[in-house]
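Dear colleague,

Please find below the structure that I am handing over to you.

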Amino acid sequence: TYCGGGGGGGEANPGGAGGTNGGPVGSPGGGAAGKQSAPASYGAPNTGGGGGGSAPQSMGGQGGSGIVILRYPDSYNAVSNTTGSPTVTVAGGYREYKFTASGSITF
């Protein structure tokens with residue numbers, strides 16, 4: 001899964017929008033850029049997306065918190081132990097573990 005980058009900074013005109021995330025997340029990850037006297041937006045939570053850039057009089061956006069996704073065919077056994085309370089999904093022939101906070105996994 002790849003992270004969306006932050007939008008480019010703008011001066012008098014708005015800058016570029018943030019990039020979208022690829023892979024299973026599929027949600028916008030990068031923050032949109034700000035313009036003069038308007039702050040940029042933050043990267044989306046749990047995406048690792050970058051914050052938007054900004055013009056000199058306003059602040060750039062913070063990056064989004066990270067995420068780790070492990071996905072493998074569900075024909076293999078489930079893991080023996082996890083910490084950090086990942087979200088577990090079994091669908092479409094795959095088993096997926098999604099961590100939005102610190103944790104560990106033991107196969």
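The notes below go from the chain as a whole to individual strands and residues.

This is a predicted model, in which local features need pLDDT of at least 70 and side-chain atom pairs count only at pLDDT 80 or more, while totals for chains, interfaces and linings use all residues. Residues are numbered from 1 along each chain as its sequence is written, and side-chain values use heavy atoms, with hydrogens and water left out.

Overall composition

The chain has 0 helices and 5 strands, where helices (H or I, at least four residues) and strands (E, at least two) are DSSP runs numbered from the N terminus. The order of elements from the N terminus is accordingly β-β-β-β-β. Of the 107 residues, 24% are buried; buried means under 20% relative accessible area, exposed over 50%, and partly exposed in between, with a 1.4 Å probe and protein chains only. The accessible surface is about 6100 Å², and carbon and sulfur atoms contribute 51% of that surface. These areas come from the Shrake-Rupley method with a 1.4 Å probe, and for residues only the protein chains shown count as cover. Among contacts (heavy atoms within 4.5 Å) with a separation of 6 or more, 31% involve residues 24 or more positions apart.

Strand pairing

Strand S4 (residues 94–99) pairs with S1 in the antiparallel sense over 6 bridges; two strands pair if DSSP finds at least two bridges between them. Within S4, Glu-96 stands opposite Arg-71. S4 also pairs with strand S3 (residues 87–91), again antiparallel, over 5 bridges, and Lys-98 in S4 is the bridge partner of Thr-87. S3 and S4 form a hairpin with 2 residues between them, and Gly-92 in the turn has a positive phi of about 60 degrees.

Arg-95 lies in strand S4. Arg-95 is buried but has no salt bridge, and the nearest side chain of opposite charge, Asp-74, is 5.6 Å away. A salt bridge here requires a side-chain nitrogen of Lys or Arg within 4 Å of a carboxyl oxygen of Asp or Glu; Lys and Arg count as positive and Asp and Glu as negative, whereas His and the chain ends are not counted. Beyond its neighbours within four places in sequence, Arg-95 is in contact with residues including Leu-70, Tyr-72, Asp-74 and Val-90.

The structure holds 2 aromatic pairs. Tyr-72 and Tyr-97 form a stacked pair, at 6.2 Å centre to centre and with 15 degrees between the planes. This pair links distant parts of the chain, with Tyr-72 in strand S1 and Tyr-97 in strand S4, 25 residues apart. Rings of Phe, Tyr and Trp (its six-membered ring) pair if their centres lie within 6.5 Å, and planes under 30 degrees apart count as stacked, over 60 as edge-to-face and the rest as tilted. Both Tyr-72 and Tyr-97 are buried, and together with Phe-107 they form one aromatic cluster.

Two further residues

Gly-61 is in the segment before strand S1 (68–73) and counts as buried at 17% relative accessibility. Leaving aside its neighbours within four places in sequence, Gly-61 is in contact with Ala-40, Ser-41, Tyr-42, Gly-51 and Gly-52.

Ser-85 is in the loop between strand S2 (81–83) and S3. Ser-85 is not a glycine, yet has a positive phi of about 55 degrees. Most residues other than glycine have a negative phi. Ser-85 is exposed, with a relative accessible area of 69%.

With kind regards
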